[in-house]
Amino acid sequence: MSAVWLQIGQCGNQLGQEWWQTITSTKNKKDDMYPFYSHNGKLSVVCVDSEPKVVKKLQKQIKRGAFRESNLIVGKQGRGNNWAFGYHGIHSEGEQNLFTWTMESLRKQVERRDYYCGTVLFHSLGGGAGLSSRLCEAIREECPLGRILSVSVVPHQAGESPLQHYNSLLCLSWLQRYVDGVLLFWNDEALRQASALQGKDLPYSSCQVSFSAMNTSIACCLTGLLHPLKAFRTPRSPSDFWSGGR
């Protein structure tokens, strides 16, 4: 669990927001929090997005000072949900180095770990899929002995972008080549679970369920898998209780 966490795109950073709120809001022993923090008390996470609004919001809402400023990497314009633009980048001032800056921050974060076991990626198969594909390929080349775990969110079956199915197909192809494990979470299933927790019936309530509620549902599932505790209770869902050995 001595990993580096990499959040990519709007979906990856919004999901990461709920994940870190769950982790940082629990009153755990310092030893139990070690996998997530460096020795200086900063989270071992790198956040990258081609637009700044989500990353900046993430920094404000999480415990002040938990993030390393140099690990928050943002561009000035989006990629239009285009896999090729995300993978190859766009040729404009300030945008060509987004990939380079991310890999440099990731390398420095790896060097801060006593023992580096791998990287956990938070990202979507829709928007941000191109940059996610490029990064997992580069991480495999730079750190061949480290494991790569992809936490991937599948877009809604009837999504807004006409390119989402092409993006998903291309990104899954890259994940099959370069990562060691994939945790797939369907937006439609997360919507159903969030609606059930709120006591609403689909499809009439689907427009009333926020992305935050859906991401919280996914974060609670991840907590049961990735949090190294014998027992854990999520702060937002007191009835959800996880148990297991280290």
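Colleague: What should I know before I look?
Modeller: This is a predicted model: local features need pLDDT of at least 70, side-chain atom pairs count only at pLDDT 80 or more, and totals for chains, interfaces and linings use all residues. Residues are numbered from 1 along each chain as its sequence is written, and side-chain values use heavy atoms, with hydrogens and water left out.

Colleague: How do H6 and H7 sit, parallel or antiparallel?
Modeller: Roughly parallel (angles under 35 degrees). The axes of H6 (residues 129-142) and H7 (residues 164-178) cross at roughly 10° and come within 9 Å. Axes are lines fitted to C-alpha atoms over the stretch in contact, and angles run from 0 to 180 degrees between N-to-C directions. Helices are DSSP runs (H or I, at least four residues), numbered from the N terminus.

Colleague: Which residues in H6 meet H7?
Modeller: Ala129, Ser133, Cys136, Glu137 and Arg140. Their partners in H7 include Trp174 and Tyr178. Contact means heavy atoms within 4.5 Å.

Colleague: New topic. How many salt bridges are there?
Modeller: Five in the whole structure. A salt bridge is a side-chain nitrogen of Lys or Arg within 4 Å of a carboxyl oxygen of Asp or Glu.

Colleague: Where do Arg107 and Glu104 lie?
Modeller: Both lie in helix H5 (residues 98-112), three residues apart, about one turn of the helix.

Key. Helix = DSSP H or I, 4+ residues; strand = E, 2+ residues; numbered from the N terminus. Parallel < 35°, antiparallel > 145°, perpendicular 65-115°, else oblique.
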